[in-house]
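Subject: Structure for you to look at

Hello,

Here is the structure we talked about, with its sequence. Please open it before you read on, and keep it beside the text.

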Amino acid sequence: RVLTTHVPGSPYGPARAEFCACVARLVNATSSASSQGSSGEPRQSVPTLLLADLNFPEKAIRPLLQRAIRPLHLSFAPIPYPTNLCQGSLLPKRIDSIAALSEKDCMEVKALEPEDVLQGLGAVVELLKSRSMDLAPAAQEEIRTDIEESETTEKEKRHREKALEAKMKFQEAAKAEKEAKKEKREKAFQAR
């Protein structure tokens, strides 16, 4: 099975969690529907290849996806070159992913070399890698190896919740200040 997707990139939006839940439903539905073959023996789930513009680095999606599809094996292909440009800074980044989901480590996933995608792309990739903080030469070896599986800790979850709460409080305070200024202007106008 091949899954392709484009996940919206809103940092505080629900897209990453919804995507992982959708993958889990699909994988679990297939696993339970095919849990026994005609001879009564358990069947394996369908190996799944994920080709996705996740709009987030692998490190931001891996823990959510791993938790959602447990106990299946998850393997991301290391992609040693940028796949996108940040709109604000025009710095290169890597937000596209290739991954395999299966009961066993039965599929090897690998990114194409730049020249296999488009002739002459290698020179462009080298230029982009030189401008990318994540893909600078010091980080190349780390990128080429598969990133270890990780869990989002409770501490990280609380930190994100506090950051979101602080952002909401800041927005509310800014809104209240704006309304107070507007009210002050209206009173000054009425006083004239």
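Below are the notes on what was found, from the whole chain down to single residues.

This is a predicted model, in which local features need pLDDT of at least 70 and side-chain atom pairs count only at pLDDT 80 or more, while totals for chains, interfaces and linings use all residues. Residues are numbered from 1 along each chain as its sequence is written, and side-chain values use heavy atoms, with hydrogens and water left out.

**The chain as a whole**

The protein chain has six helices and six strands. Both are DSSP runs numbered from the N terminus: helices are H or I with at least four residues, strands are E with at least two. Read from the N terminus, the order of elements is β-α-β-α-β-β-β-β-α-α-α-α.

Of the 192 residues in the protein chain, 29% are buried. Buried means under 20% relative accessible area, exposed means over 50%, and partly exposed lies in between (1.4 Å probe, protein chains only). The accessible surface of the chain is about 13,200 Å², and 56% of that belongs to carbon and sulfur atoms. Such areas come from the Shrake-Rupley method with a 1.4 Å probe; for residues, only the protein chains shown count as cover.

Contacts (heavy atoms within 4.5 Å) were also counted. Among those in the protein chain with a separation of 6 or more, 68% are between residues 24 or more positions apart.

**The sheet**

Strands of a sheet pair through backbone hydrogen bonds, either parallel or antiparallel. Here, four strands form an open sheet in the order β1-β2-β6-β3, and the pairing is mixed. Two strands count as paired if DSSP finds at least two bridges between them. β1 (2–6) and β3 (73–76) stand at the edges with a single partner strand each, so one side of each has no neighbour in the sheet. On average, neighbouring strands of this sheet are turned by 20° against each other, direction ignored.

β1 pairs with β2 (residues 48–53) in the parallel sense, over five bridges. In this pair, H6 is opposite D53 of β2. Helix α2 (residues 58–69) packs on the sheet and touches β2, β3 and β6 (96–102); the direction of α2 makes about 165° with that of β3. For such angles, axes are lines fitted to C-alpha atoms, for helices over the stretch in contact, and the angles run from 0 to 180 degrees between N-to-C directions.

**Two loop residues**

V7 is in the loop between β1 and α1 (15–33). V7 is buried, at a relative accessible area of 3%. Apart from neighbours within four places in sequence, V7 contacts A15, R16, F19, D53, L54 and N55. From C-alpha to C-alpha, V7 and N55 are 6.0 Å apart, although 48 residues separate them in sequence.

L90 is in the loop between β4 (84–85) and β5 (92–93). L90 counts as exposed, at 51% relative accessibility. Leaving out residues up to four places away in sequence, L90 touches L85 and R131. L90 and R131 are 41 residues apart in sequence and 9.5 Å apart in space, C-alpha to C-alpha.

**Salt bridges**

Side chains of opposite charge can pair when their charged atoms come close. The structure holds four salt bridges, each being a side-chain nitrogen of Lys or Arg within 4 Å of a carboxyl oxygen of Asp or Glu. Among them are these:

- E58 with R62: the closest N and O atoms are 3.0 Å apart. Both residues lie in helix α2, four residues apart, about one turn of the helix, and both are buried.
- E177 with K181: the closest N and O atoms are 3.6 Å apart. The two are four residues apart in helix α6, so about one helical turn separates them. E177 is partly exposed at 47% relative accessibility, and K181 is partly exposed at 47%.
- E183 with K187: the N to O distance is 3.6 Å. These two also lie in helix α6, four residues apart. E183 is partly exposed at 44%, whereas K187 is exposed at 52%.

**A surface patch**

Y12, L164 and M168 make a nonpolar surface patch of about 290 Å². Patches are made of residues with over 30% relative accessible area and no salt bridge; like charges are joined within 9 Å, and nonpolar side chains (Val, Leu, Ile, Met, Phe, Trp, Tyr) within 5 Å. L164 is in helix α6 (residues 154–191) and is partly exposed, with a relative accessible area of 32%.

Best regards
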